[in-house]
Each structure stands twice: as C-alpha cells, then as structure tokens.
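Trainee: I would like to learn how to read the features of a structure like this one. Please show me the model and take the features in turn.

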Amino acid sequence: MDLFDVIGTLGVGIIVLTYILLQSERVRSGQPIYSVLNAIGSGMIIVSLYYTFNLPSFIVEVFWLVISVFGIAKALFKNN
C-alpha cells in the first residue's frame, strides 16, 4: 500500500467514524465538528484520487467536500 492509498483509506475511516458518531448521537449534523470531519475525510480521499484517478469517485468527493464546507460556513455564521 503506497502513501496515497494510506491517505485515502484514512479519509474513508474518518468519514465512516463521523457517520458512526452521528448515528450513535455523539455528534449532531448541525455541529461544526461533523462538517469538519467530513471535509477532512473527503479531502484526503481526493488526494488519494490524484494518484489513482476515478471520475465518479472524484465527483462524489468534490460534492461531499463542498457540502461540508457549506456546513462549516453555516455553523460559523450562525454563531456570529
């Protein structure tokens, strides 16, 4: 397993962990940490796709990242 595979696999792990935390009610979808973890995970998967490109996966991860950034911005502006 090369470095890009490790990065992508860790990204998947972060997204899965975030979903487990959501389902176990340890985080709420409106909390900034939920969107931050999803953004980090999808960003790491995008990095891994640079090495072994797959268009459908790239499209999903870009949308996942954009939606997560929207959630982060929403949480930041809600607190101000």
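Mentor: Start with helix packing. Two packed helices are described by the angle between their axes and the distance between the axes. Here α2 and α3 pack at an angle of about 155°, with axes 8 Å apart. α2 is therefore roughly antiparallel to α3, given that angles under 35 degrees count as roughly parallel, over 145 as roughly antiparallel, 65 to 115 as roughly perpendicular and the rest as oblique. The axes are lines fitted to C-alpha atoms, for helices over the stretch in contact, and the angles run from 0 to 180 degrees between N-to-C directions.

Trainee: What kind of model is this, and how are residues numbered?

Mentor: It is a predicted model, in which local features need pLDDT of at least 70 and side-chain atom pairs count only at pLDDT 80 or more, while totals for chains, interfaces and linings use all residues. Residues are numbered from 1 along each chain as its sequence is written, and side-chain values use heavy atoms, with hydrogens and water left out.

Trainee: What is the handedness of the crossing of α2 and α3?

Mentor: A crossing is left-handed if the near helix is turned anticlockwise from the far one by less than a right angle, and right-handed if clockwise. The crossing of α2 and α3 is left-handed.

Trainee: At what angle do helix α1 and helix α2 pack?

Mentor: Helix α1 (residues 3-23) and helix α2 (residues 32-51) pack at about 155°, their axes 7 Å apart. α1 and α2 are therefore roughly antiparallel, and α1 passes α2 in a left-handed crossing.

Trainee: How many helices and strands does the protein chain have?

Mentor: Helices (H or I, at least four residues) and strands (E, at least two) are DSSP runs, numbered from the N terminus. The protein chain has 3 helices and 0 strands, in the pattern α-α-α along the sequence. Its C-alpha trace spans about 40 × 25 × 20 Å along the principal axes.

Trainee: What percentage of the residues is buried?

Mentor: Buried means under 20% relative accessible area, exposed over 50%, and partly exposed in between (1.4 Å probe, protein chains only). Of the 80 residues in the protein chain, 26% are buried. Valine 36 in helix α2 counts as partly exposed because its relative accessibility is 29%. The C-alpha atoms of valine 36 and valine 69 are 7.6 Å apart, although 33 residues separate them along the chain.

Trainee: Which residues form the nonpolar patch on the surface?

Mentor: Patches are made of residues with over 30% relative accessible area and no salt bridge; like charges are joined within 9 Å, and nonpolar side chains (Val, Leu, Ile, Met, Phe, Trp, Tyr) within 5 Å. A salt bridge is a side-chain nitrogen of Lys or Arg within 4 Å of a carboxyl oxygen of Asp or Glu. The nonpolar patch here consists of Phe53, Leu55, Ile59, Phe63 and Ile67, with about 540 Å² of accessible area together. Isoleucine 67 lies in helix α3 (residues 55-78) and is exposed, at 56% relative accessibility. Isoleucine 59, also placed in helix α3, is partly exposed at 40%.

Definitions and conventions
Areas by Shrake-Rupley, 256 points an atom, 1.4 Å probe, with all protein chains shown as cover.
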